[in-house]
Amino acid sequence: MKNVLDELRNARTIGIAGHVRPDGDCVGSCLALYHYLKKNLSGDPVIDLYLETIPEKFKIIGDTEVIKQENMDSIIYDAFISLDSSSLDRLGFAQVYFEQANKTINIDHHISNLKFANANHVEEKASSTCEVLFGLFEEEKIDITIAKALYLGIIHDTGVFKHSNTSEKTMNIAGKLISIGVPFSQMIDETFYIKNYHQNQILGRCLLESMLILDGKCIVSSVSKKMLEFYDSTSADLDGIIDQLRITKGVEVAILLYETDFHEYKVSMRANGDVDVRKIASYFGGGGHIKAAGCTMHGTIHDVVNNLTGHIEHQLANLTSEQESEY
Ligand code: 5GP
Ligand code: MN
Ligand code: MN
């Protein structure tokens, strides 16, 4: 695929969806594509965008009220586009629309993408789905709302240009978006760094209660449902905690668990060194990237941690023996 408009010129009804628990790249890519198509496809086609409730802070993009959440199983779209989702089940309530659509398109950057659509455009080296979309858009057709949406996705998936997925191309695209007028300082502060009082308190609790294991190479912390309720918060208030855990000196892998149900945990993992956390997340039914991945696991917190650390230990041991054999 070279130009997303060429793919969709004949479609009269178009659906778009991103993954469950939408993050910055998911929200940014969905809104960027929605507004780009709305603005540039002739003949005024029907375009519906489906996403779960988005974090309030992402509304800084503007024009977010177009997002739909109703579930009307009978709609059959001419074309349906999945964004930032490595597998079909990641689409959550919108999966049914994707399955019924006449033509399906999958635009993503996850190495674990299962290529589940009629047309799959997956760029594994791209920092974000927003970076992929920039390449499929015609630059002169990007207005300020689209630019803000793309910028949001890029800063969130690169941790504001610090993760190893940041490339020269990423920076060039960000530069072009800034030249369109993206209020970058405000967007970085308001969507990435600023935390409310309760978010700071949960962060503090997670750091205080974190545990170093595997000779200091792994750090683990967790958030119970009770804790979230106590602080009147949701999982959207946990952004950034895993990043703070990851930068603990000497740590190879950071793990954050939060309880979603009785004996059910959402797992976030981040790697600093050569441990491939995507491999571990995939083993437990999730996915992601080599240095940032996640999954859902069942059992007590101890079961979950033991199962994960078994895999980390195994990888660390193999890495050590590989290094030794190099001498
Ligand atoms: P996070 O830890 O921020 O939730 O996710 C890190 C990365 O792993 C993201 O790219 C996200 O899409 C992916 N990821 C997180 N949880 C899951 C999951 O349950 N399944 C899959 N396939 N990917 C996940
Ligand atoms: Mn995402
Ligand atoms: Mn992404």
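I began at ligand 1 and found a polar side-chain atom of His 289 at 3.2 Å from one of the ligand's oxygen atoms. This counts as a polar contact, a pair of N or O atoms within 3.5 Å. I note that the model is predicted, that local features need pLDDT of at least 70 and side-chain atom pairs pLDDT 80 or more, while totals for chains, interfaces and linings use all residues. Side-chain values use heavy atoms, without hydrogens and water, and residues are numbered from 1 along each chain.

Ser 268 has a side-chain N or O atom 2.6 Å from an oxygen atom of ligand 1, and Ser 86 places a polar side-chain atom 3.1 Å from a nitrogen atom of ligand 1. On its own, ligand 1 has 490 Å² of accessible area, and the protein covers 82% of it (Shrake-Rupley method, 1.4 Å probe).

Next I turned to the domains, whose bounds come from an automatic or database assignment. Domain 1 spans 4-193 and domain 2 spans 197-325. Their contact (heavy atoms within 4.5 Å) takes 11 residues from domain 1 and 14 residues from domain 2. I recorded a buried area of about 910 Å² between them, that is, the accessible area (1.4 Å probe) lost on putting the two parts together, summed over both.

Finally, I searched the interface for salt bridges (a side-chain nitrogen of Lys or Arg within 4 Å of a carboxyl oxygen of Asp or Glu). The rule finds one across the interface. Lys 57 forms a salt bridge with Asp 239, with the closest N and O atoms 2.9 Å apart.

Note on methods: Chains lettered and ligands numbered in written order. Polar contact = N/O pair within 3.5 Å; in protein donor to acceptor, adjacent residues only side chain to side chain.
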